[in-house]
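Thank you all for making time this morning.

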Amino acid sequence: MIATRRVSASTAGWMFAAPALTVIGVFFGLPVLAAFALSLTDFDIYSLADISNLRFVGLHNYATLLQDPLFWKALGNTMYFVVVGVPLSITVSLGAALLLHSKAARFKPFFRTAYFAPVVTTVVAVAVIWRYLFHTRYGLVNWGLTSLGLPAVDWLGDPTWAMPTIILFAVWKNFGYNMIIFIAGLQSIPEDLYEAARIDGATPAQQFWNVTLPQLGPVLLMVSILTLSGYFQLFAEPYVITQGGPLQSTVSVLYLMYEEGFKWWNLGNASAVAFLLFALMSVATSGLLWFARRRGAEA
């Protein structure tokens, strides 16, 4: 009788989950499988015209990409964006959260809204504004530099400065989202821990390193994974601001996928780029989780 009830409960659970699982399978699972199958073919504009032109090429697309200098250039640009942008974004987010969580802070609702506003602003609209702000001749940023007696910088036309400008834009655009998560994490830390630390004579810096950061460990891990995944998918910023230039210094892996698929109509290559990016993101995320588990075990 007990076993029958367990089976019935299990069946009921699957029945409740079936609609959601069906939607996930149809609108996510099947497209992923179709894209992977596409990456094993030479599907291009000729195959669109006549499906008989479609040929199975196996891993040829992946091998070709790994021998393509442009792919490695795009991968290097993406890694530069991730390695610099992710820590900077997390640092700014955590700093803003600590300021807004402070007892001395005033007008907290106003500043929370102001800091979060860029997150819900359309990327394209804001990127166009940033193009004018960083314009070499008419931009407000260079106007400020020249007013201080400093030389103007070709922010978007110099390969040295183009990617740092995009990183700055991405950090400003996205830090508000992580800030809200950090604020929620800070509010969940018991005040008793800080009181005990103050009684033991801990300075504010010591309280941050020995109380705040350890308590924020799970939140910090989640924010790191979300930010890492988002920054690997760099596309809208270079597409709108620099179109991949100058000298391909802002071409990302996702931007390369877009050009392969929708500019040159090499959909097989584009699918291969997508799965290589997925593999890279999986490795980076797994490494981050492994590091977090190891630190937790050592603690």
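In this predicted model, helix 10 gives four residues to the lining of the second largest pocket, and that is the largest share. The space in this second largest pocket comes to about 450 Å³. Its lining is made up of 14 residues, of which His101, Ser102, Tyr194, Gln207 and Thr212 are the closest to the centre. The elements that each give two or more residues to that lining are helix 4 (69–101), helix 8 (159–187), helix 9 (191–199) and helix 10 (204–215). Sorted by class, the lining has six nonpolar, five polar and three charged residues.

Let me turn now to the nonpolar cores. The largest of them holds 46 residues, and the members that touch the most others are Phe81, Met179, Phe182, Leu216 and Tyr231. Among the elements that give two or more residues to this core are helix 4, helix 8, helix 11 (217–232) and helix 14 (267–298). If we set aside the neighbours of Phe81 within four places in sequence, Phe81 is in contact with Val86, Met163, Ile166, Ile167, Ala170, Tyr231 and Leu234. There is also a second, separate core of eleven residues, which includes Val126, Ala127, Leu156 and Phe169.

Finally, a word on the record: an unreviewed UniProt entry annotates residues 12–38, 79–101, 113–133, 213–232 and 270–292 as "transmembrane region". In the model, residues 213–232 are 95% helix and 0% strand, with the end C-alpha atoms 25 Å apart, while residues 113–133 are 71% helix and 0% strand, with the end C-alpha atoms 23 Å apart.

Terms used. Residues are numbered from 1 along each chain as its sequence is written. This is a predicted model: local features need pLDDT of at least 70, side-chain atom pairs count only at pLDDT 80 or more; totals for chains, interfaces and linings use all residues. Side-chain values use heavy atoms; hydrogens and water are left out. UniProt positions are given in the numbering used here, feature names are shortened, and annotations may be inferred rather than shown by experiment. On a 1 Å grid over the protein atoms alone, a cavity is a set of points where a 1.4 Å probe fits but cannot get out, and a pocket is an open set with protein on both sides within 12 Å along at least five of seven lines; lining residues have an atom within 4 Å of a point. Grid points are joined across faces, edges and corners, and a volume is the space filled by probe spheres set on the points. Ala, Val, Leu, Ile, Met, Phe, Trp, Tyr, Cys and Pro count as nonpolar, Asp, Glu, Lys and Arg as charged, and the others, Gly among them, as polar. A nonpolar core is a set of buried Ala, Val, Leu, Ile, Met, Phe, Trp, Tyr and Cys residues joined through side-chain atoms within 4.5 Å. Buried means under 20% relative accessible area, exposed over 50%, partly exposed in between (1.4 Å probe, protein chains only). Contact means heavy atoms within 4.5 Å.
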